[in-house]
Structure formats: C-alpha cells, structure tokens
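Subject: Structure handover

Hello,

Here is the structure for your files. My notes on what was found follow below it.

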Amino acid sequence: MLAGNRVIKSITALLKRYYNITSASRHQSTENDVWQQEITERKKLVILGTGWAGYSVLKDVNKHIYDVIVVSPRNHFLFTPLLCSTTVGTLEFRSIIEPVRSMYFRHARDFHMSSAVKVDDIRKVLTCKSEVTPDHIYDIPYDKLVIAVGALSNTFGIPGVKNHAFFLKELADARRIRDRIISNFERATQPGSSVDEQRRLLHIVIVGGGPTGVEFGAELYDFLREDVSRLYQDLQGMVKVTLVEANKILGSFDKSLREYAEKKIRKRKEFELLQAAVAEVTENSVKLKDGRVIPCGLVVWSTGLFPRSFTKQSQFPKDEYGHILTNEKLQVKGVPEDTIFAIGDCADIETLPLPATAQVAERQGRWLANYLNGDEDKVFQFTSMGMLAYVGGYTALSDLQPQALKMKGFHSWIVWRSAYLTRLGNWKLRLQVPIDWMKTFLFGRDTSRF
C-alpha cells in the first residue's frame, strides 16, 4: 500500500513538472511572438549626418518606435561653438567631440561611416558610399529619411581658395590650422630665415568677419599675448593678423556691440581690419580686388556656406542658394508626405527662411524628433535665444533674445563661457572643458607639434 502511494505521488509530481514546463514554454513562445511582432512593426528611420540637426534627432527620437540607422562620414558630434579654441590649444580636440556610438544603437551595424550618394524616393532606398572602403557602394531601404548633411564653406569661385586657404568647420580643419601656426613659428626661428620671410610666415590673414572669423582672431590674440610673448619673445614684434571683410564684421549683431568689437580689434597693435574683397589666394599671399597683395603664411577662410554634392545632385526642389525646400513641418517638398525631412544648413523652410546657425539646426532636430514620436502636432516655429561671440582678452558680446539684453566686456565673457559649458553634450565634456581652461590659465597652451 505504501509502495503504491509512493508511485502515485511520483507520477503526480512528474505530471505537475511537465505541466509547468509546457506552460512556461507556451508563455515564452507568446512573449517571443509579441517581441517579434514589435520588431516587425518598428519603422526604419535613417538619419543622414551627425551635426547639430541630425544628432538632435538621434538623441531625442523614441527608439522603441523606430529602428534608427545613422549614415555619416564622421563618427562623432562636434561642439562647433568652441572649435576656434582648439586651433591654438586653449582646448584640446577631444574635449569638444562626443562619439556617436555612445548613443547605444540597437545593433553595431546601425551606424554607417559612409556618405550618402543619392536617394530614390519612389523605392525608398538610399545609396551610400563607404568612407573606410571607398569602392564599396551599397543601398539602405528606409521608411522615413532625415536629411541633415550640413554644408561646406563657400569659396565664391575665387581662384586659389580650395588649394591654399584653410577652412574652419571640422575638427580636422582646426588640427591643420594648429599645425600650420606652430610650424610657421618654428620655421621663423630656423637659421638663414630672412626678416621678410619671418614676417610673411608670421602674418595670418582671416577672410570673413562673421562670428567664426572674429572668434578665431580672438583666440589668436590670446595666444600671442599669453604664449608667444613667453615662448617666442624674439618674434613677437613680427606677428601680424589681418581680418578681411567686404562689409561690416559681425553683421548679425546689434550695432553697439558690433562697434565695440571693431574698436577692440583696432586697438590691438598686431591686428588690422580691412574692408576689402579678395580676388585670389596664392601659396604665399592674398590678392585683393583693389590691387593690394598681402604676403602671409596662413589664410583662414570663413565666408558663408555652400551646398554639399549630395544636396546639389538631389532631385528635390531648392531655393536660389541651393537649400532643399521644406514645408513648416520640415517635410521635403514634392515627395510623399511624412517620408523625407530636411533640416539644418542643407535646408530651408519655403515660407519661413531662417539663418544657418547651430541654434536653428538643434531646435529643428529636437522638434522633428518630437514630431516623429507623435508628441508634436503644431508646425515648427523658431524664436532666437540670441547670439554670443568672444572677442579676446576675456571680453565677449552677448546679444540675448527675447529679453533684448545687450552685454559686452568681462561680464559677457562669463555669460559666454557659462552658456557653452552648460550646452556641452555630456558630463564628461563638461568636466574636460573646464580642466582644459584651468590648465591653459595656469600653465599656458601646449605648442607641441605631432
């Protein structure tokens, strides 16, 4: 009898165990079915570019709704307002970039270090060219496409600019400028270098009086005053910086602030402001349209924007400047609704032209992410928060909106630094940048050439 009871209990236990296993298996199968359904229901969102516009979409878009793929020739986001500071060593290069892969893609293959070649809006296919294997061309299908490829510096077709001038839009540009500055100072100290050659090597010409040109000049002024005077004492009197602008410097700023900056620059004995137009750039000089020739060792070109080849070759409607035209929901004109969007410097709203600034691009990216998430149903609207510019010597300009607050001088410099410090992408950069500032203040700029 006892043996029979034991057998019955054993069989019962086995049945219960089997039932639990099969139930769990069914439950797991149901979960897998739900997960698989979620995967198949996610739409594929492809973002072109990792600048202010594209990166803002990437940060804020809901990745539970979309399978996000990013295509860009660079694998980092660059904090451009502080780019000028890296040209002379006030900040180090890695202190102002954020790796794109830190955004944690669903799959490693969801980031493509490639350039967009063309888009077929009928088949919904994007053709790309690899930056690491240039002969590799491939297609990526999409459900929604965000074009945020930015723009290039505008040479206006002036001879010699592409071959002999240095642009200042990417980190690689800043590295080349820094290398040329250090190399020219070292060449000027070499035996056998004539006085005329030394003066040419140490003459820097900045073409373009917008915020980038003025801020690069400001960083140069600090470098000359704080470091050249200490490291290259014999050469300090030979250094000269010429800022060439066809109109007025900082034309988008309030008149009083613009005049303050101009007065500051003119008071510096190493600096010269020229209101002139450039006719040609050669290896050793800049030729002006009035016939003057400026011998120099470095030309930095910062004079507006020009569309990239992808933008120029695209079939989408464009304005007279080559911007892709969109409606007020940032949807590209002439394509099926809610499939292709264009934001940032490569695009413009047909009924609401906006300046090509980081502030506009970042705001458009944030709005578009909310729209794609289903959290925004109103059209895009933009209200400027104002403009900031550093003019050197611990002084800056602040033209703040909508408060209509105008500031200049040291207090404005504190606002300038504080504003950009809080806008840095992550806490790592918010720690690195103040450390670089402190190192520069205490020990000077690093003039190593590598």
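**Salt bridges and overall form**

Arg292 is partly exposed, at a relative accessible area of 40% (buried is under 20%, exposed over 50%, partly exposed in between, with a 1.4 Å probe and protein chains only). The side chain of Arg292 meets that of Asp290 in a salt bridge, 2.7 Å from N to O (a side-chain nitrogen of Lys or Arg within 4 Å of a carboxyl oxygen of Asp or Glu). Asp290 is also partly exposed, at 47%.

This is a predicted model: local features need pLDDT of at least 70, side-chain atom pairs count only at pLDDT 80 or more, and totals for chains, interfaces and linings use all residues. Residues are numbered from 1 along each chain as its sequence is written, and side-chain values use heavy atoms, leaving out hydrogens and water.

Glu362 is buried, with a relative accessible area of 11%. Glu362 has a salt bridge to Arg366, with the closest N and O atoms 2.7 Å apart, and another to Arg423 at 3.4 Å. The Arg423 pair links distant parts of the chain, 61 residues apart. Arg366 is partly exposed at 33%, and Arg423 is partly exposed at 45%.

Arg225, Glu226, Asp227, Arg230 and Arg445 are linked in a network of salt bridges. The whole structure has 23 salt bridges.

As for the chain overall, 49% of its 450 residues count as buried. The C-alpha trace spans about 115 × 55 × 50 Å along its principal axes.

Regards

Notes:
Helix = DSSP H or I, 4+ residues; strand = E, 2+ residues; numbered from the N terminus.
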